[in-house]
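Visitor: I am new to this structure. Please take one part and give me a close look at its surroundings.

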Amino acid sequence: MNVFLKKTAFSILILVCILVISHLLMSQTEKQLFHNSYKKNSLAIIGNSHPKCAINDSLLSNITNINCKNHSVNGQAMFWSIIGGRKLCNEGIKYLVIELSNNSYTTHWKTTVRGRARLEIHKKYFLKAQEWLELAKTDFPLSLELFSTQVLPRKRVRGEFLKNKRIFIPKLVKENKTNSEGLVKIIDFNDNIIHELILANPNTFFFIVRVPQHPRYYDKLAKENESFFLKKLNKFKNYENAKVIDFGHLFSDNELFGDLEHLNYNGASKFTQILADSLVKDIRYRIKSTAHSGLPPVGVLF
């Protein structure tokens, strides 16, 4: 019996070693293979369904003459958005728009929802050891599945702009309506991961943006939620390579919204043009500043 147990333990140990070595090799391969593979004038957008419905990347590219790509995903926890941001920074993205809104801090529970988490497996090589441990503490079978599943290195980060054709519905999206009493009050996301991303990538310029929500959306929030969010947002103003732009209360016209949380296609077109103007001004100023300082330029607009 002892011999059987020893052989079993040894076999498990060998299997674990193979998985760890394979994971490390694939991780290094992806990071080196696609390192700085983006053009200098590249911009990416990450976040959940709010920027997915709000920022038309094709229109943004045409206006700014910058290669823009929206990587936002419906219902994506901010944790996974930032892991995608790490991957994009490794690939040399020069400008990264991170959409933060009030529910970014109240939907961390989505991080380990099985169906959502499995779709994030292509980002696994950018998770840190501590984050693997945290995932394991929350859902060990899920973390084991993600770690043991081998995926080939690839550049692509999933996500896209959604042409939202909905006519205004004065309600929260279904899942937030169902859980509104808890979601608007419970803070479960630690944004240290965003601060770490900014500090670790001084050659990338970050735009921390809140896209417009309907005025009635803010009526649904607990008062302490908005106050908490604004304090968190202001902390990002301390970085030289980051700019905070709060458009949360920009629009009030019903015809620009699909529901209380999301712009429709008309709203996205109008907002994207306003966003483009703000981005171009800041990028031009940054290019001018780096040129005067003698540092290499961070991007080229035209």
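Guide: The buried residues of α10 pack against α4, β3 (95–99), α6 (129–138), β4 (205–210), α12 (223–235) and β5 (242–246). Helices (H or I, at least four residues) and strands (E, at least two) are DSSP runs, numbered from the N terminus. Those buried residues of α10 are Ile 193, Ile 194, His 195, Leu 197 and Ile 198. Buried means under 20% relative accessible area, exposed over 50%, partly exposed in between (1.4 Å probe, protein chains only).

This is a predicted model: local features need pLDDT of at least 70, side-chain atom pairs count only at pLDDT 80 or more, and totals for chains, interfaces and linings use all residues. Residues are numbered from 1 along each chain as its sequence is written, and side-chain values use heavy atoms, with hydrogens and water left out.

Take α4 next. Helix α4 (residues 78–90) packs with helix α10 (residues 192–200) at an angle of about 10°, and their axes are 10 Å apart. Axes are lines fitted to C-alpha atoms, for helices over the stretch in contact, and angles run from 0 to 180 degrees between N-to-C directions. Angles under 35 degrees count as roughly parallel, over 145 as roughly antiparallel, 65 to 115 as roughly perpendicular and the rest as oblique. So α4 and α10 are roughly parallel to each other. On the α4 side, the contact is made by Met 78, Phe 79, Ile 82, Ile 83, Gly 85, Arg 86 and Cys 89. On the α10 side, Ile 193, Ile 194 and Leu 197 take part. Contact means heavy atoms within 4.5 Å.

Now the strands. Five of them form an open sheet in the order β2-β1-β3-β4-β5, with parallel pairing. Two strands pair if DSSP finds at least two bridges between them. The edge strands are β2 (67–70) and β5.

Look at β4. Six of its six residues are buried. Phe 205, Phe 207 and Val 209 point one way, and Phe 206, Ile 208 and Arg 210 the other way. Five bridges join β3 to β4. There, Tyr 95 stands opposite Phe 205, and Leu 96 opposite Phe 206. Five bridges also join β4 to β5. There, Ile 208 stands opposite Val 244.

α4 lies across β1 (42–46), β3 and β4, running at about 180° to β3. α12 lies across β4 and β5, running at about 165° to β4.
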